[in-house]
Amino acid sequence: MLLFFIVAMVLSGGGGGGGGSREVAAHSPAAAPKETQTEAALRKMVVYPKDATLYLGALFPIHNSEMDMTTGEDVCTYLQKREGIEALEALLFAVDEVNADEALLPGITLGVIVLDSCNSPSLALNQSLGFIKGFLAGQNQYHEREFTCTDGSTPVYRGGQFDKVVGVIGGQRSSVSVQIASVLRVIQLPQISYLSTSASLDNQQRYPFFLRTVPSDATQAQAILRIMSEFSWTHAGVVYSAEEYGVGGYRELSSRANQYNVCFASPAHKLAAHDSDDAYKRVVKELLKGDFKVVVVFAIREVAVRLLNMVKLSGHQDTFMWLGSDGWTYDTPMSLSAVAEGALAIQPLAKNMPGFDEYFTSLAPDTNTRNPWFQEYWQLRDSLEPARSQRPGARSLESEPKPSQASFKPYPHEPWLHFVRGAVMAFAHALHSMWEEECGGEERLCEAMAHGGHLHGHHLLQHLRDVSFTDLSNETFRFTAAGSGPARYTVFNYQKVQDYDDYEWIPVGSYFNITGKAPQLNLTAAPLKYRRGSDFPESSCGTPCGPTQERVPAQDSCCWSCKDCRHDQYYNTTEGRCHDCSECMLPDPGRQRCVPKEEKSIDYRSRWSITSLALASLGIFSTVLVGIIFWVHLETPVIKAASRELSYILLGGILLSFLMSFIIVAPPNKISCGLTRFFLGFSYSVCYAAVLTKISRISRIFNSTHSKNSHKARYTSPWSQVVIVVMLVSVEVVINVCWLVLRPPSTKTLCYPTTDYKVRICGGLDDYSYIVGLIYPLILVIFCTIYAIKTRKCPDGFNEARYITFTNYTTCIIWLIFVPLYLSAGVTDDIRVVTLALSLSLGGFVQLGCLFFPKVHVVLFKPEKNTRDAVMSVARHSSTRGDSVYKKQGPDHHSAPAVFVLNGGGHQNGAPPLSSPVPHPGLRDSPGRVNQVYMSTIHSQQEDMDYL
């Protein structure tokens, strides 16, 4: 009721013809203020024909508008000859076509009431209130009467035709249509726009009575993206206008870009027609910083023209390839032709209206009285922008002008005017369908259809949504579910005409996205051309990656660099990314999937194995050779003094150490792993148990005289020594057996990301448990070192302290190198295996070299030292206490020979029998502990010495 009250106040204040308008006429003309240009433009209207049965309202941008900086309001400015007058005449031409068709709406005359929107949303909103006033006047006249004039008559609005308006055509801009649709929904008046493409108008919840004959920007955005995909333009800049058309278009572009593998640079640039030049300069500067060559401009003409002009002023007119929307590419100033050359544009399907060119060129002020703005247009006919290029799809008129229009230049009409005709035809066919349904063939507007002279808008809307007719393309026109026209576009290329120094938008293809059919892009209508015949530029800030490369995003999300997949990664073609294979897998040759790694283990063919086995073979040969030499010279003093039984046990342990290399480097299995774990420590235990027993025996024999109560050393016989060795070694046997029982030998497979294979090893090799078998041999080494120190003053034939100590030191050094290398996390398991083998071989060589090679050298090359005297002599040259130092007494002095009785035999080297009461004079006079030991043990230790 509040709306009715406001409209009633407007109606009572005057306005068009009617009973309530007398008070306005009473004012003297002199008292009225001077009419402004805006008021004059808005006051005029077209009502054609005057006696029409039904009317279609129309809001056309006859004039343009700009903002008054003083009042902040939009005011009407210059006349728009193409977008205004030409579109209006196309509307009238289409209405004449409908009324001339006797089969369409028989007995009903269709008319139009046209108002000027001045291309302004605010002014169009005010103008659309006229349709609301007319609607309310009709409601008041034909239904419940709520308002009357002062003389009792029924009020009418502007002659009474407005109450017969059944629908509205317009506006042209999306921002204008949004305002009109928001108002007309109040009175349920259907609206059809002929050029508003904003995707926001697809919202049927907000704009339930809005339809349009042009396709939505949602499909225009798809057409632009499809073209970009066709040219492989994956990276582009975006500029859009700051109003409904541009904002909605950019929203559709950005939301659908991923579907076409297109990425727009960030940030996108929004410009308004009233922005300052500095804002445009800033946008151009940002565009020049980008890595793209293609710029999509989804904007109205005013914004696009200023942008191109600023690019031209910056001196970079050849930098960008422009891809334009339908909002500006229909009209390009010639001054910007060099900047726009090569541009591609999307326009709703361009079609000529048959007969319209002849009709329009035949118009004159004296005959065209139905158009109140035509006189103004006629006065400006000579300024028909001769410098502007022809629109897309336009054609020149070849017919000669008539004499009455001698000064009127040929004028190709706008290619989108058929959408105006389509709006008229949609209303006409919907009304016809409604007439067929309600009137039953009665050739007039029946009461059932008019409902007391007034149509119901929601009823007409139902027929509009179901309407179908054949359009100028000879295709069936139907509105989509969103209320838009079928998505049919023409693709244009801005080219320089060869025969003329001029530029034109040349149709080069089409894009159809009809419901129920696959989208189709066809670019074969005409050759595409870029600037000066060059190729179209590439626009991507990342080169295409290879089949095994993934994209690495750069700072700009649209840009990327290519990175090869690592050797342990495969390429996921679905995601376009590299993914890690598990440690036991590796990518196949095509890097399409992961496959199990090849299993490897150290074997006899490895270079590490060959090295260790070669060293072990040399050790085996050396050990056997030493054993043979010992066997051949078994009865010589040097060999006897070395304790033959223990020496052979030691040689057996050394030989086992060398043989272990062949077991360690063998392919891992339960048998080889068990043998390795058992004999690794066992071989060391045999060696150092023999050494410890040998040096302990010597120590007990020669140090037993330290005490006053000297007695014979026990367990010094050869077989006693063997038993002691067996007992010492048995400890290691028990340890190894328990270890094998508690943790049976096994194999395991290890995988490393740095290798292309997996390694089979013995269980325990990777967790360092092999060290368990070496703990006991280490204890034996420590005791050997202690006894070596204690026997350092024994006779040279028995004194092996130096050799044993050096052996132990060298063994410790080997272990100090071996243990950290074995435990190191960065060492591979095959290196650990070889380390074990080499450490055993080196230990064997150290024992051979220190404990056997000196004796072999004496036996083979120094036979003069292989005597009892040499074996029992002391040749020390240290500066210790006098009782342990042997000094030369002169040329006649000789050392006391060591006298041993073997099996109770007789004299040897001039010594008396052991039973002689007179000691050898040399023994009395010779210094040092050797003679003391000998004198004190010559009787009590005779049997022990015999064993030596």
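Predicted model: local features only at pLDDT ≥ 70, side-chain atom pairs only at ≥ 80, totals over all residues.
1. Salt bridges overall. The whole structure holds 17 salt bridges. Some share partners: R566, D568 and D580 are joined this way into one network.

2. E302 and R173. Their side chains form a salt bridge, 2.8 Å from N to O. The pair links distant parts of the chain, 129 residues apart. E302 sits in helix 10 (residues 301–313), and R173 in the loop between strand 6 (165–169) and helix 6 (174–184). E302 is partly exposed at 27% relative accessibility. R173 is also partly exposed, at 23%.

3. D277 and R306. This salt bridge has an N to O distance of 2.7 Å. D277 is in helix 9 (residues 277–289) and R306 is in helix 10, so the bridge ties together parts 29 residues apart in sequence. D277 is partly exposed, with a relative accessible area of 44%. R306 is partly exposed at 23%.

4. K563 and E550. Their side chains meet in a salt bridge at 3.3 Å, N to O. It links strand 21 (residues 560–564), which holds K563, to strand 20 (residues 549–553), which holds E550. K563 is partly exposed at 40%, whereas E550 is buried at 9%.

5. Helices 17 and 19. The axes of helix 17 (residues 607–632) and helix 19 (residues 644–664) come within 8 Å and cross at roughly 160°. The two helices are therefore roughly antiparallel. Their crossing is left-handed.

6. Surface patch. I775, L778, I779, I782, F783 and I786 make a nonpolar surface patch of about 520 Å². I786 belongs to helix 22 (residues 772–790) and is partly exposed at 44%.

7. L195. This residue lies in the loop between strand 7 (191–193) and strand 8 (210–212). L195 is buried, at 18% relative accessible area. L195 and P348 are 153 residues apart in sequence, yet 8.9 Å apart C-alpha to C-alpha.

Terms used: Residues numbered from 1 in each chain as written. Heavy atoms only, no water. Patch = residues over 30% accessible without salt bridge, like charges linked within 9 Å, V, L, I, M, F, W, Y side chains within 5 Å. Areas by Shrake-Rupley, 256 points an atom, 1.4 Å probe, with all protein chains shown as cover. Salt bridge = Lys/Arg side-chain N within 4 Å of Asp/Glu carboxyl O. Helix = DSSP H or I, 4+ residues; strand = E, 2+ residues; numbered from the N terminus. Buried < 20%, exposed > 50% of the residue type's maximum accessible area, 1.4 Å probe, protein only. Axes fitted to C-alpha atoms, helices over the stretch in contact; angles between N-to-C directions. Parallel < 35°, antiparallel > 145°, perpendicular 65-115°, else oblique. Left-handed = near helix turned anticlockwise from the far one by under 90°.
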